[in-house]
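Please find below a short note on the model under review.

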Amino acid sequence: MNTKLETDKDKLRIWYKNPAASWNEALPIGNGRLGGMIYGYIKREQIQLNQDSIWYGDPIERNNPDAFKHLEMVRSLLAEGRIREAEELAVMALSGIPESQRPYQTMGDLFLNFQFNDADMTDYTRELDLERAVVTVRFKHKGVQYQREYFSSEPDQVMVIRLTADQPKAVHVKAMLRRSRFMDEVKAENGRSITMFASCGSEKGIKFCTTLGAVNEGGYVQTIGENLVVNDADAVTLILSAATTFYDEDYTAACRQTYSQAAAQNYSQLIARHLADYQSLFNRVTLNLRSEAFSGKLQSLDTAEQLDRLKENDALDDPWLASLYFQYGRYLLIACSRPGSLPANLQGIWNKDMLPSWDSKYTININTEMNYWPAESCNLSECHLPLFDHLERMIENGRRTASMMYGCRGFVAHHNTDIWGDTAPQDLSISSTYWPMGAAWLALHLWEHYTYTLDANFLERAYPVMKEAALFFLDFLIEDQKGRLVTSPSVSPENTYILESGEQGRLCMGPSMDSQIIEMLFKQCIAAAGILRLDDDLSSELSKVMGRLPKPQTGQYGQILEWSEDYEEAEPGHRHISHLFGLHPGNLFTVRRTPELAQAARKTLERRLAHGGGHTGWSRAWIINMWARLHDGAKAYENLMALLRKSTQNNLLDSHPPFQIDGNFGGTAGITEMLLQCHDEAMEFLPALPEQWDKGSVKGLKAKGGFTVDIEWQGGLMKQVTLHAAFDQICAFYADQNIKVSCDTTTMKVEKQDTICRFAAQAGKTYVLTN
């Protein structure tokens with residue numbers, strides 16, 4: 001099976017010379033709702049299937065009825081330093097009942113059985129073309145050239161599999177749908193399709209069906225038992241649809257209608273509609289990374305070989321692989337988060353298990369948020385929308401949790417949620433469970449979307465959600481012994497501190513991350529209310545409370561304090577770096593505006609990494625973003641290479657381990673942060689460019705204010721920046737030297753104050769910046 005494929009070095013593809021050895025080598029396709037993992041087997045092909053709303057169980061009331069009556073005692077015990085007693089009481093009184101939310105589940109598998117044997121197979125290749133969102137398997141068998149194409153179409157809401165051969169009557173296949181023991185039945189329909197029916201664990205739970213049919217060119221199609229059989233065809237197009245009661249009450253009719261509408265089109269029409277939709281998103285951004293010292297040395301190898309060589313030799317860090325990884329992250333977001341779908345979960349939409357790790361839910365103490373870090377800057381703003389839909393789905397539950405557990409207004413969520421928008425605490429793990437910041441962090445994404453799009457209608461929709469998240473903290477915050485307003489009880493996500501007595505604790509008052517999130521939420525609420533001319537009194541109250549929040553402090557190692565006291569950590573190399581939220585994804589610590597805090601953030605990162613930090617994929621991805629914010633291209637690059645070498649599977653999916661998709665999205669966002677930043681007062685071009693990328697260009701990135709940004713550089717220095725303005729506004733950018741700004745043939749007037757340059761931009765105009 002080891003054959004060399006003639007390749008175009010500039011083609012964005014992930015490719016292999018062999019079928020997948022396991023699920024972790026299969027290739028993902030998706031349209032937001034419907035996903036598949038393609039193994040590429042010759043004799044018995046397997047496509048593992050997912051639909052984003054197939055979750056076990058039904059919505060249940062999990063708020064602990066004893067929470068509020070014991071809340072003050074938990075707080076008192078914490079204030080008195082009786083940590084163990086506070087934690088014991090919290091486990092009993094604050095935990096969700098039952099302790100766990102609902103898990104995401106596989107839809108099953110599609111098996112395609114062929115009359116092949118591996119001994120007679122040659123010239124095998126398997127690839128995912130990122131520019132087309134199509135997986136292709138090619139091989140020869142007994143002199144016949146076979147090709148299979150797979151894609152998941154958003155316009156038609158179906159998965160399409162095209163089977164062809166270069167000889168007539170050479171396509172024969174027997175297809176079947178399976179879901180282990182967890183399906184109800186498979187029915188044959190009209191002699192040309194089969195439908196699998198299943199339910200998700202309870203009478204009130206989600207029910208679904210999956211239809212597979214064949215449109216043949218030559219030969220014949222029939223159903224035999226549970227099998228869909230095609231014989232003697234010149235080509236065949238298999239079409240798979242799925243529907244659930246989450247989206248459609250009459251899910252059977254919806255599934256059949258979706259299938260019928262797709263089957264009425266020929267293959268050329270199906271793929272044309274798919275490409276037009278997908279490429280309208282993907283083609284917005286191009287990235288070319290080049291190194292004069294090292295160019296093109298890995299592209300002749302397949303993707304698995306590239307990764308192996310990278311792991312074996314630190315010198316083999318071809319920029320091509322970083323560029324491919326960046327675009328793969330964009331591909332994955334398009335594939336698993338589209339308007340009208342659910343948001344990307346812990347595994348995007350790709351999950352093979354009935355009870356996956358961490359239930360493959362929405363872990364909202366960083367992982368779900370990280371999924372959306374590249375959405376705005378990488379010009380995929382529409383892909384952000386499912387997160388906002390789900391946040392609104394959480395509000396009613398979050399109000400009930402806020403009232404029942406804490407006696408507060410507004411709404412709250414803890415560190416997990418599920419398809420039903422559950423907001424009660426998840427698990428019995430003290431270090432993560434009792435963290436009341438999930439809704440607040442998610443609400444920050446609303447303002448992020450607005451700042452990139454300046455969509456006033458969206459802000460009108462978003463502000464009430466932001467406001468309710470803020471209202472909760474006006475009631476929840478309490479005064480500590482220093483007169484500050486702090487959260488209590490809470491945790492610094494998943495980390496453990498050590499008291500002077502040697503006792504270890506997780507539950508605490510006022511961890512640094514909480515205050516940073518609240519400060520940003522309050523600032524954004526005030527700004528949104530000002531734009532909408534609403535709630536002056538509330539804004540005044542938020543401003544006063546914000547002034548009493550704890551400010552970032554430094555500790556004995558020069559680090560940003562993670563807790564309100566300078567505790568030792570039980571695990572100094574912990575994967576979470578929550579106290580640097582203000583550096584990234586927040587903007588409270590910046591190199592230019594708060595250099596002392598930026599230096600303390602650097603010390604914090606150095607200490608984390610010296611003790612083994614970054615050992616999970618998503619944590620390493622976060623670290624890339626942080627080094628980029630600190631304008632350290634060498635460290636950002638070093639950690640990007642570590643992400644590829646240590647936490648990336650052969651199919652380029654991130655490994656926690658096991659697989660979690662957050663690291664892919666965090667890595668893509670990190671590469672973007674190395675090239676363009678706009679979190680501070682102005683845009684910054686190439687703020688963390690590593691020496692290995694001495695020449696290159698990027699087109700189509702987004703900056704706040706609706707600007708589209710193209711950057712070209714050479715010798716590690718900016719050569720030209722092109723800005724496309726969507727609105728009339730002042731454009732601000734950092735420059736340490738004089739920059740010429742021109743529009744058409746006109747030189748623009750640029751005002752410079754310190755290192756910030758400003759000029760008046762007009763909607764629809766393009767501006768070119770040169771040295």
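Predicted model: local features only at pLDDT ≥ 70, side-chain atom pairs only at ≥ 80, totals over all residues.

1. Helix 4 (residues 267–282) and helix 6 (residues 319–336) have axes that come within 10 Å and cross at roughly 130°. Helix 4 is therefore oblique to helix 6. The crossing of helix 4 and helix 6 is right-handed.

2. On the helix 4 side, the contact is made by Tyr278, Leu281 and Phe282, which meet Gln327, Arg330, Tyr331 and Ile334 of helix 6. The contact of helix 4 with helix 6 comprises five nonpolar residues, one polar and one charged.

3. The volume of the largest pocket is about 650 Å³. It is lined by 34 residues, of which Glu448, Pro585, Arg629, His679 and Lys704 are the closest to its centre. Elements giving two or more residues to this lining include helix 13 (512–532), helix 16 (617–629) and helix 18 (662–675). Helix 11 provides the largest share, seven residues. By class, the lining of the largest pocket has 14 nonpolar, twelve polar and eight charged residues.

4. The second largest pocket holds about 490 Å³ of space. Its lining has 23 residues, and those closest to the centre are Leu78, Met509, Ser564, Glu565 and Tyr567. At least two lining residues come from each of helix 1 (67–79) and strand 20 (478–479), and helix 1 gives the most, with three residues. Eleven nonpolar, four polar and eight charged residues make up the lining of the second largest pocket.

Technical notes
Residues numbered from 1 in each chain as written. Heavy atoms only, no water. Axes fitted to C-alpha atoms, helices over the stretch in contact; angles between N-to-C directions. Helix = DSSP H or I, 4+ residues; strand = E, 2+ residues; numbered from the N terminus. Parallel < 35°, antiparallel > 145°, perpendicular 65-115°, else oblique. Left-handed = near helix turned anticlockwise from the far one by under 90°. Contact = heavy atoms within 4.5 Å. Nonpolar A, V, L, I, M, F, W, Y, C, P; charged D, E, K, R; others polar. 1 Å grid on protein atoms, 1.4 Å probe; cavity = no way out; pocket = protein on both sides within 12 Å on 5 of 7 lines; lining within 4 Å. Points joined across faces, edges and corners; volume = space filled by probe spheres on them.
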